[in-house]
Amino acid sequence: MTFLIVTHVPHVEEKGRFFAYGPYVREMNIWGEFVDKIVIVAPLVARSPDAIDIPYQHPNVTVVPVPAFNFLSWRNTLFSFVMLPLIGWRILRAIRKADHIHLRCPGNMGLLGCLAQVFFPSKPKTAKYAGNWDPSSRQPSSYRWQQAILKNTFWTRRMTVLVYGDWPDDTANIRSFFTATYAENEKVDLPVRPLSGTLRFLFSGMLVPGKNPMYALNLVQQLAQRGHQVSLTFFGDGPLRPGLEHCIRERNLGQWASIAGNVPAAEMKKAYQTGHFLILPSVSEGWPKAVAEAMFWKCVPAALPVSCVPQMMDHGRRGIMLTGDLAADVAQIDTLIQSPVAYAEKAGAASEWSQVYTTDRFRTEIQRLLV
């Protein structure tokens, strides 16, 4: 089976191997276990792999390169309109040769893939909508267009659309799905961390405005001002890093706040296994892997109620639902720190729920989709 992936994720080639963003490639490596050949239509950029990039494991991977494009400025818009015929042609040609079409949405390449697949109604297809599928959420118009096409069973013949969470009024081709990081054989019954000594807070995600890392810093700073012994480590990188570093220096917070940057998965796993709280005040998510990963290791998550986060955290029973009001959120966490029993109950419930979603189960579900 020739398995075609249409994605906006930038790819890198080094020594004949293709690399891309680690969490995405780990998932695609599982899909790749059940196909003979992988063809990827995606931007191919000229740089070395980053610490968070990993290679595809499949022995037969081909990348059909297309220019990265967006409509965020007049110059980029003009460039995009010039390039669209070429990109569209490469997608259509790749679809014609493929046995199974897999779209990664939302994204500009995902939108083009949604339009192109209409001309191939008899081909089996899957689409992974990795963003917020909540119909009541505010999203860019292009995301709404992709949702509208994917929900329309006339224009998406033989397609299964994988989304995060359960939502009202979904069509027959929509399937609530999940993603996973850890395997069954990695499960360890870790003890709940004691709330004495230093409380270890983690932030895991890109340092971009949508992830709101400054809110995490402000929140933990107020807990420190209440007399708690804390540490906060930011795992991730992005354009907000210089500002965050400047803020840590200016406020003289370096004794307990630090930025680790992108780190290998094994290092991130150790951080979850020893952390007390994950703070993720993100305003846009699909299935936040950081939340699920922290829960797996009894690190209690605190996150805003976006996308399927309330469902993951059982509306606060398996974590802390942030409100976006700093004083209220500091009070919530402070109260939980004062209650070791309540903390242990949340940590245990979080781990029990998250450890259901292993890569073994994920692999089984993927195999069923490709049969």
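Let's begin with charged pairs: this is a predicted model, and the count of salt bridges in it comes to 14.

Stop 1: Select Arg47 and Asp53. They form a salt bridge, and their closest N and O atoms are 3.0 Å apart. Are these two buried or exposed? Arg47 is partly exposed, at 40% relative accessibility, while Asp53 is buried at 10%.

Next, pick Lys187 and Glu184. Here the salt bridge has its closest N and O atoms 3.2 Å apart. Lys187 is partly exposed, with a relative accessible area of 33%, and Glu184 is partly exposed too, at 38%.

Now jump to helix H12, residues 359–370, and highlight Arg368 and Glu365. This pair makes a salt bridge with 3.1 Å between the closest N and O atoms. Because they sit 3 residues apart in the helix, about one helical turn separates them. Arg368 is exposed at 56%, whereas Glu365 is buried at 11%. Before you leave the charges, select Glu27, Arg104 and Lys128: salt bridges with shared partners join them into one network.

**Stop 2: the sheet.** Switch to cartoon view and find the open sheet of 6 strands, with parallel pairing and the order S13-S12-S11-S14-S15-S16. Which strands are at the edges? They are S13 (257–261) and S16 (320–321), each of which pairs on one side only. Zoom in on S11 (residues 199–204) and S12 (residues 230–235): they run parallel, joined by 6 bridges.

**Stop 3: the core.** Nonpolar side chains tend to be buried together in soluble globular proteins. The largest nonpolar core here has 121 residues, and Phe201, Leu217 and Phe277 have the most contacts inside it. Select Phe277 and look around: leaving aside neighbours within four places in sequence, its contacts include Phe201, Leu202, Val300, Ile320 and Tyr343.

**Stop 4: the cysteines.** How many disulfides does the count come to? It comes to 0. Click on Cys114: the nearest cysteine sulfur, that of Cys105, is 3.9 Å away. A disulfide needs the two sulfur atoms within 2.5 Å, so Cys114 is in none. Cys114 is buried, with a relative accessible area of 0%. Finish on Cys247, which is also buried, at 11% relative accessibility.

How values were computed. Residues numbered from 1 in each chain as written. Predicted model: local features only at pLDDT ≥ 70, side-chain atom pairs only at ≥ 80, totals over all residues. Heavy atoms only, no water. Buried < 20%, exposed > 50% of the residue type's maximum accessible area, 1.4 Å probe, protein only. Pairing = 2+ DSSP bridges. Helix = DSSP H or I, 4+ residues; strand = E, 2+ residues; numbered from the N terminus. Core = buried A, V, L, I, M, F, W, Y, C linked by side-chain atoms within 4.5 Å. Contact = heavy atoms within 4.5 Å. Salt bridge = Lys/Arg side-chain N within 4 Å of Asp/Glu carboxyl O.
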